[in-house]
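Subject: Structure handover, with notes on the sheet and its salt bridges

Dear colleague,

I am passing on the structure we spoke about, and my notes follow directly after it. Please read them with the model open beside you.

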Amino acid sequence: MTGSDLIMEMTGESRDTQVQLSVFAWTGYFFVDLDLPLPTLTLTNGKAPGSAAVAFPVVRHDHNWTVEIPGSEQPRPAIIRFRRTGTLSYTYWIWGPGDAEYTHYDFVLDEHPNPRYHHGRRWLVI
């Protein structure tokens, strides 16, 4: 996957600020080798202009991997968009159903099939 952006729906109950991504998103978009020591991602909240980038480790929980993302504790469903800004560095935005961006990206996720989608949350690299 060569796109610089990943969009993903965030479903189910809020898990505070913990976001779980699919294995294919970890390996194909974030380029994380899940068999090696897990990296730390540098994340900047794109909805908070001027906010500082913060480092968060990728954490393994049994059979899935998560990362803490401030602002992700909002009610679900929600959609998160990551934009690669450097090696292991990303800006992110989170939108809920009341946001125009949510409606747009929900449509994009419905209309553009992801060949690596397995089950669970819809996601797409663009």
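In these notes two strands are said to pair if DSSP finds at least two bridges between them, and the elements themselves are DSSP runs numbered from the N terminus, with helices (H or I) of at least four residues and strands (E) of at least two. The model is predicted, so local features need a pLDDT of at least 70 and side-chain atom pairs count only at pLDDT 80 or more, whereas totals for chains, interfaces and linings use all residues. Residues are numbered from 1 along each chain as its sequence is written, and side-chain values use heavy atoms, with hydrogens and water left out.

The sheet

An open sheet of six strands runs in the order E4-E3-E8-E7-E1-E9, with mixed pairing. Strand E4 (54-57) and E9 stand at its edges with a single partner strand each, so one side of each is left without a neighbour in the sheet. From one strand to the next the twist averages 30 degrees, where axes are lines fitted to C-alpha atoms (for helices over the stretch in contact) and angles run from 0 to 180 degrees between N-to-C directions. E1 and E7 run antiparallel and are joined by six bridges, and Asp 5 stands opposite Arg 83 in E7. Helix H2 lies across E1, E7, strand E8 (89-95) and E9, and H2 runs at about 85 degrees to E7.

Arg 81 is in strand E7 (residues 78-86), and at 12% relative accessibility Arg 81 counts as buried, the classes being buried under 20% relative accessible area, exposed over 50% and partly exposed in between (1.4 Å probe, protein chains only). Not counting residues up to four places away in sequence, Arg 81 touches a set of residues including Asp 5, Trp 93, Tyr 105 and Ile 126, contact meaning heavy atoms within 4.5 Å. The side chains of Asp 5 and Arg 81 meet in a salt bridge (2.4 Å, N to O), a term that stands for a side-chain nitrogen of Lys or Arg within 4 Å of a carboxyl oxygen of Asp or Glu. Asp 5 lies in strand E1 (residues 5-10) and Arg 81 in strand E7, so this pair ties together parts that are 76 residues apart in sequence. Asp 5 is buried too, at 2% relative accessibility.

The network at Arg 122

By the salt-bridge rule the count comes to five, and Glu 9, Asp 106, Asp 110 and Arg 122 are linked in a network of such bridges. Arg 122 forms one with Glu 9, the closest N and O atoms being 3.0 Å apart; this pair links distant parts of the chain, with Arg 122 in the loop between helix H2 (100-111) and strand E9 (123-125) and Glu 9 in strand E1, 113 residues apart. The side chains of Asp 106 and Arg 122 meet in another salt bridge (2.5 Å, N to O), where Asp 106 belongs to helix H2 and the two residues are 16 residues apart. Arg 122 is buried, with a relative accessible area of 17%, and Glu 9 counts as buried at 13%, while Asp 106 is partly exposed at 23%.
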